[in-house]
Amino acid sequence: LYYKATFEPRFPPITTFQPNQYLYASLTKDSVSVIGRRDAAGVFYQIGFVLPRKIETGLYDIEDWGDDKVSAHVVADGVILGGKKGKIDLTRSGSSIVATFDFEITHGGTLYKVQNGKLSLKATGDL
């Protein structure tokens with residue numbers, strides 16, 4: 001199990017992305033969530049994706065939130081930052097998901113690239 005990504009330029013709220021909690025499950029009837037989260041010693045942040053529940057293996061554009069769309073987000077400093085201009089290449093097999101990804105976020109007027117993203121998770125709930 002792993003969930004990795006870097007930020008360019010350096011993103012002060014998440015100096016090093018080191019999740020200690022993982023989620024790969026359907027939280028609604030129409031979607032599946034894939035989340036890497038750090039929640040320890042007063043520090044909370046996450047990088048996550050919301051995918052259509054029936055999504056198949058393939059390369060997808062990251063879009064704004066919405067039905068049947070693939071969306072990405074970063075939560076930091078108590079703010080949800082929506083991902084833009086990115087892609088996720090995912091493989092779903094049984095109860096596992098493996099993916100590579102990159103996208104952009106804007107925070108405080110600065111554009112950050114979330115890059116070198118890689119994850120491999122097993123289901124933590126119903127899919």
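Two strands pair if DSSP finds at least two bridges between them. Strands are DSSP runs of E, at least two residues long, numbered from the N terminus. With those terms set, Q46 stands opposite V75 in β6.

This is a predicted model, in which local features need pLDDT of at least 70, side-chain atom pairs count only at pLDDT 80 or more, and totals for chains, interfaces and linings use all residues. Residues are numbered from 1 along each chain as its sequence is written, and side-chain values use heavy atoms, with hydrogens and water left out.

**The sheet**

Five strands make up an open sheet. Their order is β2-β3-β4-β6-β7, and the pairing is antiparallel. β2 (21-28) and β7 (79-82) are the edge strands, each pairing on one side only. From one strand to the next, the twist averages 20 degrees; the axes behind this angle are lines fitted to C-alpha atoms, and angles run from 0 to 180 degrees between N-to-C directions.

| Strand pair | Bridges |
|---|---|
| β3 (residues 31-40) and β4 | 10 bridges |
| β4 and β6 | five bridges |
| β6 (residues 71-76) and β7 | four bridges |

β3 and β4 form a hairpin with two residues between the strands. There, A41 takes a positive phi near 50 degrees.

**Q46 and its strand**

Q46 lies in β4, which spans residues 43-52. This strand is mostly covered: eight of its 10 residues are buried. Buried means under 20% relative accessible area, exposed over 50%, and partly exposed in between, using a 1.4 Å probe and protein chains only. Q46 has a relative accessible area of 7%, so this residue counts as buried.

**Partners of Q46**

The side chains of Q46 and H73 are joined by another polar contact, at 3.0 Å. On the β6 side, V75 faces Q46 across the pairing. V75 also stands opposite I80 in β7.

Contact means heavy atoms within 4.5 Å. Leaving aside residues up to four places away in sequence, Q46 touches F17, I35, G36, R37, H73, V74 and V75.

Methods. A polar contact is a pair of N or O atoms within 3.5 Å; within protein, one must be able to donate a hydrogen and the other to accept it, and residues adjacent in sequence count only if both atoms are side-chain atoms.
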